[in-house]
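I opened this notebook to record what I looked up in the model. The entries follow by topic.

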Amino acid sequence: MKVLLLTLLLSFSVVPKAAAEQYMTQEAFLTAAFSGEAYKKQKLWLNKKMKQVAKQILKHDYNALRVRYWGAGHKTAWILEEIGKERPITIGVAVSNGQIDRVNILEFRESRGWEVRYPFFTEQFDAVGVDDEYTLTKNIDGISGATLSVRAVKKVAALALYLHTQTDFANSAQ
Amino acid sequence: MLVPFKRKLRILLLKWHRGLGLIAALFAIFLVVTGIPLNHGNDLLLDKTPIPSSLLSWYGIQVEIPQEGFKLGDRWTVSAQQQLFLDSQNIGSCRDQLAGAVATDEGLFIACGRQVYFLTNEGEVIETAELRFAVGSVGSNSGNVYLKLNKQAVNFDLYEFEVGEVVITEDKIKWSIPDFLPSAISDAIADQIIVEDMTWERFLLDLHSGRMFGSWGVWFVDLIGIAILVLAVSGVWLRLARPKAKHH
C-alpha cells in the first residue's frame with residue numbers, strides 16, 4: 001500500500017523546478033536606485049515593536065534581528081527576500097520620501113510566477129506608500145498564475161516602506 | 001398489476017434511499033470537515049504549513065535521521081531534510097551541505113552552502129546572507145570567523161556581515177569538523193523534520209479525494225458521488241410519486 005501511495009504521490013508531485021535565475025545584480029540595482037549617487041551600506045536593528053509590525057505586514061515572523069540597507073540623502077534601498085510558494089524571491093525596493101521609487105526582482109527561484117519581474121507589474125509600485133495599517137496606498141493588479149509571487153512582492157514593498165520610516169534617512173533634509 | 005409493481009418499487013427505493021442516505025450522510029460529514037478548511041487553505045496557511053513527521057509515513061516517506069552535526073558549546077547544529085536545526089529548534093533552510101559552524105563571543109555562526117547564519121546564543125537569527133560562493137568550511141581564531149571559499153581561507157566580518165580579506169597563514173585557524181550526534185538530539189530532530197512539499201493542504205486534499213488510500217480510495221469516493229446522485233434522483237421520484245391521501 002505504501003509503495004502505491006508513494007507512486008501516486010510522486011505522480012502528482014512532479015513539478016518542474018526552475019533553477020534560480022538572477023535578473024539583476026545587487027550592484028546594478030543599487031546603481032539604478034541611487035541614480036549613480038554615492039550610497040552607504042547601513043544596518044537597522046529591529047526592536048520588539050518593529051518585529052511586531054514586520055510580522056503584521058508579512059503575516060509571519062521576520063526571521064532576523066538585523067537588516068542591511070543602503071542609504072543616501074533621503075533615499076534608502078532594501079534587498080529583502082520573501083517566499084512566494086516554496087522558495088525565496090530576492091526583491092529590491094528603493095524608497096524615497098515615504099514612497100516607492102522602484103521595485104526590481106533580483107533573483108527568482110520558484111517554478112511559477114516569474115512574470116512579477118516585468119515592468120508592467122513592478123511599475124505599478126511607483127510612488128506608492130503605506131497607510132497607518134501598513135497597507136499599500138494603491139491597489140496593485142495581480143497576475144493570473146502568479147498570485148503567491150504577487151503577494152510576496154506586495155508584502156516586501158510594504159515592509160521596505162515601513163523599515164524606511166525607522167531609519168534616519170526618512171527625516172533627512174533633501 | 002401496474003399499481004402493485006409501483007408500490008413494490010416505491011418500498012424498495014425507500015429502503016435503498018434510507019440505507020444509502022445513512023452512508024452518504026456519514027461521508028458528507030467527512031467531505032465537509034475536509035472541504036471547508038481546503039476552501040480557506042490560503043487564509044489558514046494550510047498551503048504553507050507542513051505536516052508533522054509522524055504523518056509522513058502515510059505517504060511511505062521514511063525520514064532519514066541525522067547522525068552527524070557540529071558542536072557549538074553545549075549545543076548542536078544539524079542539517080536534515082533541507083532544514084537547519086540548533087538542537088531540535090528549526091532555524092531555517094539548509095538546501096546544500098552543512099559546511100561548518102563556530103561559536104564566538106558574539107553569537108553562533110553557521111554556513112550551509114552559500115547561505116550563512118549568525119545567531120544569538122539563544123538561537124535567534126541576527127542576520128543571514130547568501131554568499132557568491134558555497135562555503136567549504138568554517139573556522140575560528142581569537143573570536144574571528146574564517147571561511148573556506150574556493151579552497152581559500154578568508155576572514156568573515158560579523159559586523160559588516162561580508163567576506164573580508166584572504167588569509168595567507170591558516171595555521172592558527174581551528175576549522176570546525178562534524179561529530180556524531182548524541183541520540184537524544186537526533187531523536188528530537190527526527191520528530192521535528194518536515195518535508196516542505198507535504199503541506200496540510202495536500203494532506204487534506206488527498207483525504208478529501210480519497211487519493212490518500214490509493215486508487216481504491218478514489219473509486220470509493222466516486223461511488224459515494226454516484227450514491228449521492230442516486231439519492232437525489234430517488235428522493236425526487238419518491239416525492240413526486242407519493243401516493244395521494246385518501247379522503248373519507
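For burial I used C-beta atoms placed from the backbone: a residue is buried if 20 or more other C-beta atoms lie within 10 Å of its own, exposed if 12 or fewer, and partly exposed in between. The model is predicted, so I kept in mind that local features need pLDDT of at least 70, that side-chain atom pairs count only at pLDDT 80 or more, and that totals for chains, interfaces and linings use all residues. Residues are numbered from 1 along each chain as its sequence is written, and chains are lettered from A and ligands numbered from 1 in the order in which they are written.

**Entry: Asn155(B).** I counted 17 other C-beta atoms within 10 Å of Asn155(B), which therefore is partly exposed. I found Asn155(B) in strand β11 (residues 152-157) of chain B; strands (E, at least two residues) and helices (H or I, at least four) are DSSP runs, numbered from the N terminus. Contact requires C-beta atoms, placed from the backbone, within 7 Å. Leaving aside neighbours within four places in sequence, I listed Asn144(B), Tyr146(B), Gly164(B), Glu165(B) and Val167(B) as contacts of Asn155(B). From Asn155(B) to Glu165(B) the C-alpha distance is 5.5 Å, across ten residues of sequence.

**Entry: positive phi in chain B.** I noted Lys151(B) in the loop between β10 (144-149) and β11, with a positive phi of about 65° although it is not a glycine. Is Lys151(B) buried or exposed? Lys151(B) is exposed, because 7 other C-beta atoms lie within 10 Å. Gln81(B), in the loop between β2 (75-80) and β3 (83-86) of chain B, has a phi near 50°. Gln81(B) has 20 other C-beta atoms within 10 Å and so is buried.

**Entry: nonpolar core.** I took a nonpolar core as a set of buried Ala, Val, Leu, Ile, Met, Phe, Trp, Tyr and Cys residues joined through C-beta atoms within 7 Å. The largest has 76 residues, and those with the most contacts inside it include Val93(A), Ala157(A) and Val138(B). Helix α5 (residues 147-165) of chain A gives the most to this core, eleven residues. Beyond four places in sequence, I found Ala157(A) touching Val93(A) and Val103(A), among others.

**Entry: strands of chain A.** Strands pair if DSSP finds at least two bridges between them. I found β5 (residues 88-96) antiparallel to β6(A), joined by seven bridges, with Val93(A) opposite Val103(A). The two strands form a hairpin with two residues between them, where Asn97(A) has a positive phi of about 50°.

How values were computed: Two residues are in contact if their C-beta atoms, placed from the backbone, lie within 7 Å.
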